[in-house]
Amino acid sequence: MDKTPPPAALAALAVYYDGTCPLCQREIGHYRSLQPACAVQWVDVSASSTALPPGISRADALARFHVRRPDRTVLSGARAFIELWTHMPGWRWLALPLRVAPLPWLAEHAYRAFLRVRPWLQRRAATRP
């Protein structure tokens, strides 16, 4: 069975997130409440039936944030957040300067530091209403 997304979905920005992560659920919920500058396809990668971009394993998709641009370019980590923020009202102000070198590199290092504390933050988010 072909799991290629329909052409309309490829015209959208695809955001791949872990739907089982309480921290991710809250953050994605916030982004979904905004009116993005482009169409966004929200993709929960925790479901085993979810089609993933070529070259991205389920473990990779669950471990790091990914975004697929309409041109099918896949970004991960800080660059994925910067791409998403570029299209989100209230977040563009942060995305624009982060696109200028060396800020993407610094943002990626900050993202990797965040990943080390993510399990602790997930536990905390799970216990809060």
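Predicted model: local features only at pLDDT ≥ 70, side-chain atom pairs only at ≥ 80, totals over all residues.
A residue counts as buried here when its relative accessible area is under 20%.

Who are its neighbours? Leaving out residues up to four places away in sequence, V43 touches V15, Y16, Y17, T50 and A51. V15 is 28 residues away from V43 along the chain, yet their C-alpha atoms are separated by 5.8 Å.

The largest nonpolar core has 22 residues, and V15, Y31, W42, F65 and L84 are the ones with the most contacts inside it. At least two residues of this core come from each of β1 (13-17), α2, β2 (40-44), α4, α5 and α6. Which element gives the largest share? That is α4, with six residues. Apart from this core lies another, made of six residues, and V43 is one of them, along with others including A14, V45 and I56.

Setting aside neighbours within four places in sequence, L84 is in contact with L13, V15, Y31, W42, F65 and V67.

Now follow the chain to helix α6, which runs over residues 103-127. Its 25 residues reach 34 Å from the first C-alpha to the last, close to the 36 Å expected at 1.5 Å a residue. Along the way there is a kink of about 50° at V117, shortly before the proline P119. The buried residues of α6 are P104, A107, E108, Y111, R118 and A125. Their cover includes α2 (22-32), α3 (58-63), β4 (74-76), α4 (78-86) and α5 (92-98).

How do α4 and α6 meet? Their axes come within 8 Å and cross at roughly 115°, and α4 and α6 are therefore roughly perpendicular to each other. On the α4 side the contact involves A78, R79, F81 and I82, which meet P104, A107, E108 and Y111 in α6. A helix of this kind has 3.6 residues a turn, so residues three or four places apart point the same way.

The other helix is α2, whose axis comes within 7 Å of that of α6 and crosses it at roughly 85°. Within α2 itself, P22, C24, I28 and Y31 are buried, and what covers them includes β1, β2, α4 and α6.

R118 deserves a stop of its own. Beyond its neighbours within four places in sequence, R118 is in contact with D18, C21, C24, L62 and A63.

R58, found in helix α3, counts as partly exposed at 25% relative accessibility. Not counting residues up to four places away, R58 touches V45, A47, S48, T50 and L52. Of these, A47 is eleven residues from R58 in sequence and 9.3 Å from it in space, C-alpha to C-alpha. R72 lies in the loop between β3 (66-68) and β4, and at 54% relative accessibility it counts as exposed.

To finish, here are two backbone details to look for. Most residues other than glycine have a negative phi, and most peptide bonds are trans. R72 has a positive phi, near 80°. A cis peptide bond joins A101 and P102, with omega about 0°, and P102 is found in the loop between α5 and α6.

Note on methods: Residues numbered from 1 in each chain as written. Heavy atoms only, no water. Helix = DSSP H or I, 4+ residues; strand = E, 2+ residues; numbered from the N terminus. Expected span 1.5 Å × (residues − 1). Bend = angle between axes of the 7 residues up to and from the residue. Buried < 20%, exposed > 50% of the residue type's maximum accessible area, 1.4 Å probe, protein only. Contact = heavy atoms within 4.5 Å. Core = buried A, V, L, I, M, F, W, Y, C linked by side-chain atoms within 4.5 Å. Axes fitted to C-alpha atoms, helices over the stretch in contact; angles between N-to-C directions. Parallel < 35°, antiparallel > 145°, perpendicular 65-115°, else oblique.
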